[in-house]
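Here is a short briefing to read beside the sequence and the structure. Keep both open as you go through the points.

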Amino acid sequence: MLRHKNRISGGWLIAMITLVDALSSCWFGYCQGVFAGVLISKDFKEQFPETLDASVSGITSSTFFIGASLGSMMAFTFGDKLGRRKTIALGLLLNFVGATLQATSFHLPQMLVGRVVNGLGIGLTSTTTPVYLSECVKSHHRGKLVGIGASANVTMFALANWISYGLYAQNGPFQWRFPLAFQIIFFFVVSPLLLFVPESPRWLLLAGKEQEALGVLAQIAGNDIPMDDELVTAEFQSIKVAIDLEREDRTPLMDVLCFRDKTHNFRRIILGCGSQFMQQFSGINALGFYLPTLLNQDVGFSEEMSRLIAAVNGTVYFVSAFGSLIFIDRFGRRKMLLNNTIAMGICHLVASLTLRESKIDIANRRLFGNVTTAMFIVYHVFFGISWASIPWIYSAEVNSLGWRTRGAAAATATNWLFGFVVTQFTKVGVDNLGWGLYLMFAIFCFSFFPVVLFFYPETSNRTLEDMDHMFIQNPSVFVLGKPEMTQRRRPTSFMDAEARRISGV
């Protein structure tokens with residue numbers, strides 16, 4: 001029984017789905033980076049003089065996060081009803097409308113509405129595309145391919161900073177309207193790709209569309225692979241049995257929230273949300289949105305030099321993020337998070353101390369300022385190879401199929417909500433705390449080490465169906481000292497459980 005021939009299948013189809021995730025992430029990254037240059041544009045300040053107030057400036061930046069948080073909640077509520085492709089399409093449309101409103105703004109209320117609508121779209125796409133990709137690829141490729149999306153995010157973050165630097169000499173609205181309008185190009189690149197990719201096979205099975213799911217699994221397996229191919233039917237059976245078992249064990253919402261379900265869905269949601277919380281409070285968006293302002297106001301560089309350093313930093317960040325693709329499956333999620341959170345904390349600590357000394361020792365202010373700047377750049381190296389991508393991968397992996405969209409949505413909403421908090425207080429913190437702001441981020445980073453060490457299980461080299469087995473067999477919240485929960489290699493017991501699912505035992 002052969003499936004209907006499709007124009008794209010196998011590796012090319014996986015590449016196309018990866019491209020949907022990566023390009024959607026590009027838009028996400030560009031939105032994160034572009035507004036730092038907009039905020040310090042002279043014409044922008046003249047057009048919107050209200051933003052000279054630190055609180056209003058913070059609100060103008062952070063309304064994007066409010067919208068994104070609401071968009072994630074929309075994915076939580078409607079994502080499993082709409083399916084992955086339709087949710088992504090809706091997000092792209094909202095992005096287009098929001099970007100257009102921002103680029104054509106002449107009054108602050110329109111700018112704020114544009115920021116919120118753009119955020120809604122980014123919330124939908126950033127929640128759904130990693131889930132969509134993770135549901136279509138094999139476990140041994142999942143970390144790298146989902147990591148490509150996170151790395152693409154950083155690539156556009158870097159591009160946004162270079163555009164800001166390149167437009168420094170422009171005097172007029174083009175300096176800030178063009179960067180805001182440029183993002184519209186992503187709509188016309190990503191939208192056509194959705195016409196050529198299928199729906200997620202796991203979502204199709206969840207929706208009861210078994211024949212379509214089997215056809216998509218065969219399409220993903222390769223060109224002219226029959227639907228009754230042994231490997232295709234084995235994967236189909238493994239996924240279907242896992243869904244059936246989850247449905248049989250379906251418990252009331254209150255039991256889930258009270259940790260009384262066998263598969264520990266609420267605990268898994270908390271793990272995904274916690275990883276995003278820690279990502280935000282490591283200080284990444286504080287630097288991402290305000291680095292030129294910090295360098296200009298705290299370190300003492302000129303506006304042009306601040307833009308240049310921010311652009312160079314973005315490039316270093318982009319290279320390190322792609323470097324993560326080499327390590328992410330080789331060392332596993334836990335080891336990457338543990339080692340790099342300490343390194344990031346050290347960077348913040350040194351930056352805070354040198355910044356403090358620069359205020360005391362005026363004669364050596366430039367020397368201390370250079371060290372502070374170097375620490376900001378090195379911080380981005382360690383963040384780029386670990387925390388930039390792993391929280392997104394982790395929340396797409398750790399949840400059960402029935403809760404995967406909702407779990408990813410809750411994690412993404414956490415990212416955006418606390419991104420709003422961080423960007424809101426950063427400018428006020430720079431004005432009032434100075435070096436103490438970075439000391440605070442250092443303390444946060446150091447505190448994340450024991451949290452990951454004791455509570456976060458390894459998810460690399462596990463199938464998505466392995467996750468249920470892992471949490472059922474290991475109900476304790478503490479994972480340290482339990483090889484099944486912490487080792488990078490796939491445990492033998494997981495392979496045995498998969499064999500039983502396939503055989504129907």
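This is a predicted model: local features need pLDDT of at least 70, side-chain atom pairs count only at pLDDT 80 or more; totals for chains, interfaces and linings use all residues.

The protein has 22 helices and 0 strands. Its radius of gyration is 23 Å, close to the 23 Å from the globule rule for 505 residues, so the protein is as compact as a globular protein of that length.

**Overall build**
- The C-alpha trace spans about 75 × 50 × 40 Å along its principal axes.
- Of the 505 residues in the protein, 59% are buried.
- Take the contacts in the protein with a separation of 6 or more: residues 24 or more positions apart account for 82% of them.

**Lys335**
- Lys335 sits in helix α15, which covers residues 303-360.
- Lys335 and Gln487 are 152 residues apart along the chain, and their C-alpha atoms are separated by 9.9 Å.

**Helix pair α3 and α18**
- Two packed helices are described by the angle between their axes and the distance between the axes.
- Helix α3 takes in residues 54-82, and helix α18 takes in residues 401-432.
- They pack at an angle of about 175 degrees, with axes 8 Å apart.
- An angle over 145 degrees counts as roughly antiparallel, and α3 and α18 are therefore roughly antiparallel to each other.
- The contact of α3 with α18 has 15 nonpolar residues, 12 polar residues and 4 charged residues.

**Positive phi in two loops**
- His264 is not a glycine, yet its phi is positive, at about 55 degrees.
- The loop that holds His264 runs between α12 (253-257) and α13 (265-280).
- His264 is buried because its relative accessibility is 11%, and buried means under 20%.
- Beyond its neighbours within four places in sequence, His264 is in contact with Phe471 and Pro475.
- Asn461 also is not a glycine, and its phi is positive, at about 60 degrees.
- Asn461 lies in the loop between α19 (436-455) and α20 (466-473).
- With a relative accessible area of 18%, Asn461 is buried.

**Cysteines**
- How many disulfides does a search of the whole structure find? The search finds 0 disulfides.
- Cys31 is in no disulfide, and the nearest cysteine sulfur, that of Cys26, is 11 Å away.
- A disulfide needs the two sulfur atoms within 2.5 Å.
- Cys31 is buried, at a relative accessible area of 1%.
- Cys273 counts as buried too, at 15% relative accessibility.

Note on methods. Residues are numbered from 1 along each chain as its sequence is written. Side-chain values use heavy atoms; hydrogens and water are left out. Helices (H or I, at least four residues) and strands (E, at least two) are DSSP runs, numbered from the N terminus. Buried means under 20% relative accessible area, exposed over 50%, partly exposed in between (1.4 Å probe, protein chains only). Contact means heavy atoms within 4.5 Å. Axes are lines fitted to C-alpha atoms, for helices over the stretch in contact, and angles run from 0 to 180 degrees between N-to-C directions. Angles under 35 degrees count as roughly parallel, over 145 as roughly antiparallel, 65 to 115 as roughly perpendicular and the rest as oblique. Ala, Val, Leu, Ile, Met, Phe, Trp, Tyr, Cys and Pro count as nonpolar, Asp, Glu, Lys and Arg as charged, and the others, Gly among them, as polar. The radius of gyration is taken over C-alpha atoms; the globule rule is 2.2 Å times the number of residues to the power 0.38.
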